[in-house]
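Dear colleague,

Please find below the structure that I am handing over to you. My findings follow it.

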There are 2 protein chains.
Amino acid sequence: MLLDARKARKKVTLADVARMAGVSSMTASRTINYPEKVSEQLRDKVQQAIDTLGYIPNQFASSLASARSHVIGVAIPSLSNTVFNEVLRGIYDVTGRAGYKVVLVDTHYCPAEEERLVRTLLSQSPEAMIITGADQTDACRTMLRRSCVPVVQMMEMVEAPIDMNIGFSHYQAGYDVAAGLLARGCERIGFLGARMDPRVHQRLHGYRRALSERQLNNKTLEVTTEDPSSVGMGGQLMRQLWTQAAGQLDAVFCCNDDLALGALFECQRLGIDIPGQMLLCGFNDMDAMAHVNPSLSSVHTPRYEMGVKAAEMVLGALSDEGETGPKRLDIGYTVKWRDSARAPRPLTA
Amino acid sequence: MLLDARKARKKVTLADVARMAGVSSMTASRTINYPEKVSEQLRDKVQQAIDTLGYIPNQFASSLASARSHVIGVAIPSLSNTVFNEVLRGIYDVTGRAGYKVVLVDTHYCPAEEERLVRTLLSQSPEAMIITGADQTDACRTMLRRSCVPVVQMMEMVEAPIDMNIGFSHYQAGYDVAAGLLARGCERIGFLGARMDPRVHQRLHGYRRALSERQLNNKTLEVTTEDPSSVGMGGQLMRQLWTQAAGQLDAVFCCNDDLALGALFECQRLGIDIPGQMLLCGFNDMDAMAHVNPSLSSVHTPRYEMGVKAAEMVLGALSDEGETGPKRLDIGYTVKWRDSARAPRPLTA
DNA sequence: TGCTACCATGTTTGCGGTAACAAATCACAA
DNA sequence: TTGTGATTTGTTACCGCAAACATGGTAGCA
């Protein structure tokens, strides 16, 4: 009976509106989509009918008939990671203003899951897609190419993008951090990593490269886990690293800020002085980093801006197929050296 | 031209698949939706055609024809608030497993915006809706009622829910924190608040109530702002409160954990000993709270579980209209008293 | 052998809109 | 007055798929 009520009541269609207003359904449709093409008199009548009936257009019918979905598909690897939330905010702000809806999926850092979800997204005829990173399955890439919609891969620079690309070099950022720590006189530099997604791996490789240039590589100073990142995990990994390194540690580069915070707090408990005894650097530069004591060094990444730009790129491609704007955009990053990495000894460089 | 290519190529329809497989389009449709109703022989042929053509079903046509959208609409006030991300994760986990898609909107804590977005959502014929809190506009409530889809209001307990409700009492939680601080011998208890959404107001009212029962209310100890919450903001507000209170402060209740962290860091810089000189308590119990030094007291809220339950409630209502499960569910909370609120003096209670 | 029952498949129809075209109305200059 | 073009409104067809019903074939049984 509830179901019947539902069925019975849900049926306020454009035809109902038109009938009530005494016009053709086409005029009713125009009142909604092209009000300037309808005389004021009829417009009012139709609007009144819409209001009294509580008419809500059926998006499916509209999209089917007009072949326009006003949907932009977005795939991110994690909903609970602050980094992506800020990117998302940028995307929502820009696309929302332009009258587009976002359909968002969470791939859980899993390419197979991503493939499944992209298929789902494509079945909603998105007019564009924004996806994360470069580790799509071949099938996924093929689908996206065949779909012929503008695609932006974001968060990192991609060698051979499916279509467009915005991001920055995590490899270079990792290199820069390690190089900065070396320049501050550190030689035994540890690395803490969690979740270990492709971008974390790139940061790790950059770090390794910088160290190997000075023959300072040391695998026992790398502590990583596939488990998700958290402040608690940062403490755990820090404790493990401290043990493995037998206290012989000049600095630690954490693959993200949660780990860095956790590492800092753990050091405080272990009685390790930061930066007196050891330097610390995180990644992403979340809000808290600048305010904790000592303030924590980190790599500032323009996340909101990246979302904005990614959205602008697809909208640009949509607007008039105008090849305005570059296909690949390196948005850069800034290493913020703060109190946690004030040189404890004179800079050698 | 690109557009033409797009148009031309996008047209892999079910009919194309059927033609290639030498069957009727209905058989092709069944192969996808009810494979057990098609002979293995034809099923293989159709599947092969699907694969070679790269066919992706058109969701709009499907939903229009079948009157089923498999969509659940979700409205949250902020994408960048970790609290909602965890709730969302619960929702996505449950609905995803059940074969539903989530369409998510961000109301920016604005009822008018929410109304607009709910209208948009309803135009996608969602089979259920999950929304946040109780401060909808009347028009919004009417729309939701008329839509006749199951609706869950989550995050707080609502007096007269539109349909279903899951949450906990922010008023009671605020009361409990203040009462706990009173019980620890504090008399001058400050309140820091940011963004001041309805739930924060409820916490504030609970706090006021506990204080007024002891005639300890003092408006100069309440520092709030409409600006968004952040660790930095927590520091700012703490500084302001410290000034206003002229150092006469036994404890501070922060309306959320970001503020609490910022307040703690600021206290460290101001040389205020926590908990020796002043107690501190936050709200939500994010990951970092248990690991910072001193560990921070907070109100633990089961966010992921709330998302899970909210999703289960709508799915339950959907499954068979079975009136299984309650319409209103108080999921509760737990005040976690940690080092930041160890009584500096003997408990009076 | 004829009958029903059931399964696998095909045909028809319509979901609720909009594009494209057709028709009617109006304005205004020749 | 009439013609011309612009403006407003209506008519028709169809978007791509699935529900409902129709059909033909096969098996089981008396």
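How many nonpolar, polar and charged residues does the surface near DNA strand D have? That surface has 13 nonpolar, nine polar and one charged residues. Here Ala, Val, Leu, Ile, Met, Phe, Trp, Tyr, Cys and Pro count as nonpolar, Asp, Glu, Lys and Arg as charged, and the others, Gly among them, as polar; a residue is near a strand if one of its heavy atoms lies within 4 Å of it.

Two notes on conventions apply throughout. This is a predicted model, in which local features need pLDDT of at least 70 and side-chain atom pairs count only at pLDDT 80 or more, while totals for chains, interfaces and linings use all residues. Residues are numbered from 1 along each chain as its sequence is written, chains are lettered from A and ligands numbered from 1 in the order in which they are written, and side-chain values use heavy atoms, with hydrogens and water left out.

DNA strand D

Of the atoms of DNA strand D within 4 Å of the protein, 64% belong to sugar or phosphate, and bases make up the rest.

- Tyr55(B), with a side-chain N or O atom at 2.4 Å
- Ser29(B), with a polar side-chain atom at 2.5 Å
- Ser39(A), with a polar side-chain atom at 2.8 Å

With four residues, α5(B) gives the most to the surface near DNA strand D. Helices (H or I, at least four residues) and strands (E, at least two) are DSSP runs, numbered from the N terminus.

DNA strand C

Around DNA strand C there are also 23 residues, with Leu14(A), Ser29(A), Asn33(A), Thr27(B) and Ser39(B) the closest. Sugar and phosphate account for 63% of the atoms of DNA strand C that come within 4 Å of the protein. Phosphate oxygens of DNA strand C lie 2.3 Å from a side-chain N or O atom of Ser29(A), 2.7 Å from a polar side-chain atom of Asn33(A) and 2.9 Å from one of Tyr55(A). The elements giving two or more residues to this surface are α3 (25-33) and α5 (59-66) of chain A, together with α3 (25-33) and α5 (59-66) of chain B. Of these, α5(A) gives the most, with five residues.

Domains and sheets

Chain A is assigned domain 1 (2-57), domain 2 (70-168 + 304-332) and domain 3 (170-300), with bounds from an automatic or database domain assignment. The centres of domains 2 and 3 of chain A, taken over C-alpha atoms, are 30 Å apart. Twelve residues of domain 2 of chain A are in contact (heavy atoms within 4.5 Å) with nine residues of domain 3 of chain A.

In chain A, six strands form an open sheet with parallel pairing, in the order β2-β1-β3-β4-β5-β11; two strands pair if DSSP finds at least two bridges between them. In chain B, an open sheet of four parallel strands has the order β7-β6-β8-β9. Its edges are β7 (222-225) and β9 (279-281) of chain B, each with a single partner strand, so one side of each is left without a neighbour in the sheet.

Kind regards

Technical notes:
Polar contact = N/O pair within 3.5 Å; in protein donor to acceptor, adjacent residues only side chain to side chain.
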